[in-house]
Amino acid sequence: MSGKQPDRLQNEQYMSDSSPFRIFYHQIDGQIDVHWHEFFEMALVIKGNGTHILNGTQMPLTRGHIFLMTPADFHELVPEPGQTVELYNLIFTQHFLRPELFQWLFQNRGGDYHQLPEEDFQTFEAEFRRLWEESEDPQEGSGYIIQGALERVLIDLRRQLPGRSKELANAELRHLHPSIRSAITYIQHLFRDSLTLDQVAKNVGLSANYFSECFRKQVGVSFQTFLQEQRLQFAHSLLRVTTLPVTEICFASGFSTLNHFERTFKKKYGQTPRELRKVKG
């Protein structure tokens, strides 16, 4: 795996404020190196074979493979030698979905993937094809059709996912005030940015002091501690599955100084980032 800084694909490179959704049909015949995005991404593989590495976990990339990524995830795609992987790839921002639906779909959730049975694949492929056709040749009402189709696909994918370990985690959040649940979702997806307590409080419509007090009481830790935990977990994953320099992982995970990163990492994991690398190697 490459040791260069992974690409971070930004919203403005692919979308505009007036159009926070795009769909592509990609034909991939070479490795797509590890990268992450500011936006959400969902893809459905139509043909070809390879390997999809999502947050360090490898799984087959083949017809019927569907995956959904949040801004907190990273991945790479590796077609088999001589193979071309063809897939629909759609990207969107949080603001393209109704707030209540977004909260239900993405609270406390990371990247998801699933291998669809052939019958279900046909249904999903038809939805992706409709999204593609309405985007390529927009007509009156296309925007409504696109939003409705995307929401159906997201809901159907959630229903498809095997197991419900994440549902248990979601259940643990249901006792929280809706504003605190929204804040947690916001932090989990944007922790790599320079988030401040004031910024998150404003996003959920609370004063900074009241938000800080409510967050600590309901979550059990301070806002800053929770934010730091998200960054440390992400850094730990990058250290395990990439050869990126520790300094780049530090900043990619949202830390502003290497000294602070190394100190807090050792406090949590009992070893420095470099020591973890030696043990892994």
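Hi everyone. When I call a residue buried, I mean that its relative accessible area is under 20%. Keep that cut-off in mind, and keep in mind too that what you see above is a predicted model. By that cut-off, buried residues make up 48% of the 281 residues in the protein chain.

Let's get an overview. The protein chain has 12 helices and 10 strands. Look at the contacts in the chain with a separation of 6 or more: 74% of them are between residues 24 or more positions apart.

Now find the open sheet. Its 5 strands come in the order E2-E9-E4-E7-E10, and the pairing is antiparallel. At the edges are strand E2, residues 21-28, and strand E10, residues 112-115, each of which pairs on one side only. On average, neighbouring strands of this sheet are turned by 15° against each other, if we ignore direction. Helix H4, residues 142-160, packs on the sheet and touches E2, E4, E7, E9 and E10. The direction of H4 makes about 80° with that of E4.

Let's zoom in on one pair of strands. E4, residues 40-47, and E9, residues 85-92, pair in the antiparallel sense over 7 bridges. Within that pair, Leu-44 stands opposite Tyr-88 of E9.

Which residues does Phe-128 contact, leaving aside its neighbours within four places in sequence? Leu-44 and Tyr-88 are both in the list, together with Ile-23, Met-42, Ile-66, Leu-90 and Val-153. Phe-128 itself is found in helix H3, residues 118-136. Phe-128 and Leu-44 are 84 residues apart in sequence, yet their C-alpha atoms are 8.0 Å apart in space. Is Phe-128 buried or exposed? Phe-128 has a relative accessible area of 0%, so it counts as buried.

Back to helix H4 for a moment. Its 19 residues should span 27 Å at 1.5 Å a residue, and its end C-alpha atoms are 27 Å apart, so the two agree. Several residues of H4 are buried, including Ile-146, Leu-150, Val-153 and Leu-157. The C-alpha atoms of Tyr-144 and Glu-134 are separated by 10.0 Å, and the two residues are 10 apart along the chain.

In soluble globular proteins, nonpolar side chains tend to be buried together. Here the largest nonpolar core has 37 residues, and Ile-187, Val-200, Phe-211, Phe-215 and Phe-261 have the most contacts inside it. Strand E3 and helices H6, H7, H8, H9, H10 and H11 each supply at least two residues of this core. Which of these gives the largest share? That is H9, with 9 residues. Apart from this core lies another, of 29 residues, and among them are Ile-23, Phe-92, Leu-97 and Leu-150. Returning to Val-200, and not counting residues up to four places away in sequence, we find that it touches Ala-183, Tyr-186, Ile-187, Leu-195, Phe-211 and Phe-223.

Helix H6 deserves a look of its own. Why do we say that H6 is largely enclosed by the rest of the structure? Because 10 of its 13 residues are buried. Among them are Ile-180, Ala-183, Ile-184 and Ile-187, and also Arg-181 and Gln-188. From first C-alpha to last, H6 reaches 18 Å, close to the 18 Å expected. The axes of H6 and H9 come within 9 Å and cross at roughly 40°, and the crossing is right-handed. From H6, the contact is made by Ile-184, Ile-187 and Gln-188; from H9, by Phe-223, Phe-226, Leu-227 and Gln-230.

Last stop: a hairpin. Strands E5, residues 50-54, and E6, residues 57-61, run antiparallel and are joined by 5 bridges. Thr-51 stands opposite Pro-60 of E6. Between the strands of the hairpin are 2 residues, and Asn-55 lies in this loop. Most residues other than glycine have a negative phi. Asn-55 is not a glycine, and still it has a positive phi of about 55°. With a relative accessible area of 22%, Asn-55 counts as partly exposed.

Technical notes: Residues numbered from 1 in each chain as written. Predicted model: local features only at pLDDT ≥ 70, side-chain atom pairs only at ≥ 80, totals over all residues. Heavy atoms only, no water. Pairing = 2+ DSSP bridges. Helix = DSSP H or I, 4+ residues; strand = E, 2+ residues; numbered from the N terminus. Axes fitted to C-alpha atoms, helices over the stretch in contact; angles between N-to-C directions. Contact = heavy atoms within 4.5 Å. Core = buried A, V, L, I, M, F, W, Y, C linked by side-chain atoms within 4.5 Å. Buried < 20%, exposed > 50% of the residue type's maximum accessible area, 1.4 Å probe, protein only. Expected span 1.5 Å × (residues − 1). Left-handed = near helix turned anticlockwise from the far one by under 90°.
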